[in-house]
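Here are my notes on the charged pairs, in the order I'd go through them. Have the model open while you read.

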Amino acid sequence: MFEKRSLGSLVERQQGGGTPERNNPRFWNGPIPWASVKDFADNQLVLNSTEESITQQGLAASSTNLIPAGTPLVCTRMAVGRCAISNSDVTINQDVKALFPKANVSPRYLLRLLDSLKFHAESVSVGSTVKGIRISDLLGIRTPIAPLHEQAKIAQILDTLDTQIQKTEALIAKLEKVKEGLLHDLLTRGIDQYGQLRPTPEQAPELYKESALGSIPKEWEVMSLRQVTDSMVDGPFGSNLKTSHYVEEAGVQVVRLQNIKTGEYDETFTAFITRAHANRLDRNRVVGGDLLVASLGDERSKPGRACLYPTHLPPAINKADCFRVRAHPSTATSSFLMHSLNFERSMKQATSKQQGVTLQRVNLSNLRTILIGLPTIAEQRLISEQLNSIAREISGLECDRQKLESTKNGLMDDLLTGRVRVTPLLKDAV
């Protein structure tokens, strides 16, 4: 373990900032970035841009300061402990402090140490409405400090992991965009007899016809969700389920709203009821491959989003706001219906039928009326396989990202405390 010293033992000096006069337009929207607390985010240690900027006049006429690129910055008010390094020279407001490291102290190491202490800093903050920490209290926090010759290597290892995480996140974002475009193309154009995406209606108008959903392939039909399902159950009995009904894991799982993501069942959230209670709710039984549809939306997701209940999970019971839908096997596949319901066209139909002001809601009667463009079963399977394939790729990358995050978090604690030393790595580099 490293010797414990104050954070301030690594800092040569600290510098605060200020805010130019807001009512003077000559001070704002200039070429100089101006950082405030709102520009800092958790797990984002690089400040690439700022929401606001100031002019040279604003800099000269205020108490803000121009901080050189590469200097660790830390929030001391509101988002206490959040920190970052700017890639360019930046001015700061009064809620941000710049910490200038002593000679031979790695700025990136100081930043990593700050990041590891943010929860400690927040816990010793004061204030009832808006919390803040005095810079002297922040610099007075005692923490294990690595020897100078190990600091840069520790920062390099953690930076390398962050770079891998960022590349994985960028690839996931790219594939999500590809999936979104593919979803639109496959659910409006479909796949022809040669296994290829049909030409657009503009390229081959003879392949399409007009319908209640607009232009669709001639071979397709338009049907309501009611027409293509064997059963749709909302869970009237399950609606009586309360927290007091839940038991430990030795029961039957309950499907709740938080489990239903767009195209994905989230196994993170679990709740169980007794088997005896579940037997009384047998009408609401959910088995692998069943389609689940959320009746409620929130600020992040819309009502009508759908996913499949995983085949590797034992049977469950759906709660009131989670509809269980079973496709008619000769008409539709559950996978195709899931993708169709998550398509923007269906989401708009669900939103247009939603009820409620505070919480967006679609009821089962309205859900049954949503119109779906329906190819043959064979084409549905081809479409679903293409969409499922890219979804599996995204899921695999997300698992990789989570593993990298877990590795980084564990290694960060080990490296910054000295439980794991980088000395062998330094010898190898010689």
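1. Ground rules first. A salt bridge here is a side-chain nitrogen of Lys or Arg within 4 Å of a carboxyl oxygen of Asp or Glu. This is a predicted model, where local features need pLDDT of at least 70 and side-chain atom pairs count only at pLDDT 80 or more, while totals for chains, interfaces and linings use all residues. Residues are numbered from 1 along each chain as its sequence is written, and side-chain values use heavy atoms, with hydrogens and water left out.

2. The network. Salt bridges link Arg 108, Arg 112, Asp 159, Asp 162 and Lys 408 into a network. Searching the whole structure turns up 25 salt bridges.

3. Asp 162 bridges to Lys 408, with the closest N and O atoms 3.1 Å apart. They sit 246 residues apart, Asp 162 in helix H5 (residues 148-188) and Lys 408 in helix H10 (residues 377-417); helices are DSSP runs of H or I, at least four residues, and strands are E runs of at least two, numbered from the N terminus. Asp 162 counts as buried because its relative accessibility is 13%, and Lys 408 does too, at 7% (buried is under 20% relative accessible area, exposed over 50%, partly exposed in between; 1.4 Å probe, protein chains only).

4. A local pair. Glu 344 and Lys 348 form a salt bridge, closest N and O atoms 3.4 Å apart. They are four residues apart in helix H8, so about one helical turn separates them. Glu 344 is partly exposed at 48%, whereas Lys 348 is exposed at 54%.
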